[in-house]
Amino acid sequence: MKNKRIFSLVTCLCLAIPAVFAQFNFNLPKTKNTAPIPSLQRVLTIQDMVHEYDLNPYTASYNSEAQLFTALYEGLFSYDPITLDPVNAICETYKISRNKMRWTFTLRKGLKFSDGSPLNASAIRNSWLSLLATKNAPFASLIDCIEGAEAYRTGKGSADDVRIIVRDEETLVVHLTEPTEHFPRILCHHAFSAVSKKKNVFSGPFVISSYSNGELKMVKNMNYRDAAAVQLPGITIRQGDDAKENAHLFNTGEADWVTGDVDVEKILNKDSINIAGEFGTTFLFFKQSKKIWNTQEFRTALLEAVPYDELRKDYAVKANSLVYPLSGYPSVIGWDDYDPEDALELMNIARKKVGLSSSDILKINFSIMDLDYMKSWAEVLKKAWAPLGVELVVSVDGNFTTYVNKIKNSPADLFMYSWIGDFADPTTFLELFRSNSTLNVSGYKNSRYDELLKQAAGTAKQKDRFVILAEAEQVILDDAEIIPISHPVCMHVINTNVIGGWKSNALDIHPFKYLYIKAEETDVPNLVSYPLQPLPGQGRLPSSRL
């Protein structure tokens, strides 16, 4: 997902927050496990950043939408609120064939969409086929492991050839092209939810009651399969990018949870500030469209000249590779070697190879958003690459909502991404650069890389599979396709002594189904006696999340 999460995307861009790290405790406040009390339940209010929600689960790719869709949609599996492991949802049970190429899902009986229409195996099949048929659906290629899916998605096959078979309305049989051990993790993603063909019909625990002027209201879906377990009668999401005002709204109880910009110094109850690392990476990447910069030798020269300590100095969790470190995942040789002399030598060799003089000025266009931290990156790179005879040209292309969508048609050579994994597996990062992936916006192609991903998909043991995936990551690092910068950090302001069911986790996904109101138990003395700050003026920069 782009860091919203994301961003996803889906889509967050990671702002430097070292001061926050120094000032606040990472340990979440200890809370008692209390059962929900019906009389306490009320509408939960969330303060989010200002942006237009993409309400189509097939095309949405930002983290803010991923969070929202935990309320509106559900598929065969959903996320565990703590571990984010797959939890059976629409699927009651499943079994895998001996060769691990056929998955048989048994669905719960009598399920309904929010309008009362049947939610069955046919609905799941139709949803997945609609996803594959949707143009620019970023996550569609994640189910290329299904027989016929890639051919149908790319216009080379028909829907009838996709081996998603409805045996009966409670049984769905899926045939794969290769064993895919992490298939249930993929299916947790909102893109593979049960989606009705009718508008404003949902499969999740809530439905939208209204959406206007940046305020989205949801109420409980009484036809939801597990409606009795949903405690909140509704959720309201409001938007605002004024950090001081957002702190004021939280302090006065007008917002229960702030997930957008907030002035942490103004928050009265500091235990409500929750900071955690995310399963993501912020990096720059080259678009494979121009003769010079789609050549590995030229890119390697550029990367050797980058002063990584300077580029990453403001980030609490620095990154030198693509895949966020996972338990059991082998280490790779990342990018942190700064050697301007070697860089110049490599550049001269690359120039000579294609017949360019050392005096020829090469231009590289860096597409950024109008944000100070991205401008600071540009200054670092411009200064580093000038001795190589490379002129960095900066173009400002949109805001955090439109930037990614402009990459495909942009003439620029270098872009940024902040990617949050959609499931705890290296492939959630590596899929970004697979040749035929719907997530590949760079145009990067490497047959060895693709072959390794295919080989890993057919490997049953996770340890062996991780070794192969690490080798694939090493290919893309050695190709100098990316410039890793940081692993994002997320921050939320929410009092978990008041809001139950909210847990910090690496994907920064907090399923709405599990949230409830509980009795307040705070250790902050005389909280209401603190003088409230006056509301500030407008004009804050947009949130750092893509």
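So, surface first: the protein exposes about 22600 Å², and carbon and sulfur atoms supply 50% of that. Those accessible areas are Shrake-Rupley values with a 1.4 Å probe, and for residues only the protein chains shown count as cover. Buried residues, meaning under 20% relative accessible area, make up 56% of the 546 residues.

Keep in mind this is a predicted model: local features need pLDDT of at least 70, side-chain atom pairs count only at pLDDT 80 or more, and totals for chains, interfaces and linings use all residues. Residues are numbered from 1 along each chain as its sequence is written, and side-chain values use heavy atoms, with hydrogens and water left out.

Okay, secondary structure. We've got 13 helices and 20 strands, taken as DSSP runs numbered from the N terminus: H or I with at least four residues for helices, E with at least two for strands.

Now the open sheet. Its four strands run in the order β4-β5-β7-β6, with antiparallel pairing; a pair here needs at least two DSSP bridges. β4 (91-96) and β6 (164-168) sit at the edges with a single partner strand each, so one side of each has no neighbour in the sheet. On average, neighbouring strands are turned by 20° against each other, direction ignored, using axes fitted to C-alpha atoms. β6 and β7 (residues 171-175) share four bridges, and isoleucine 164 stands opposite valine 174 in β7.

Further along, β14 (residues 362-368) pairs with β15 (residues 390-396) in the parallel sense, over seven bridges. There, leucine 362 faces valine 390 in β15.

Note on methods. Axes are lines fitted to C-alpha atoms, for helices over the stretch in contact, and angles run from 0 to 180 degrees between N-to-C directions. Buried means under 20% relative accessible area, exposed over 50%, partly exposed in between (1.4 Å probe, protein chains only).
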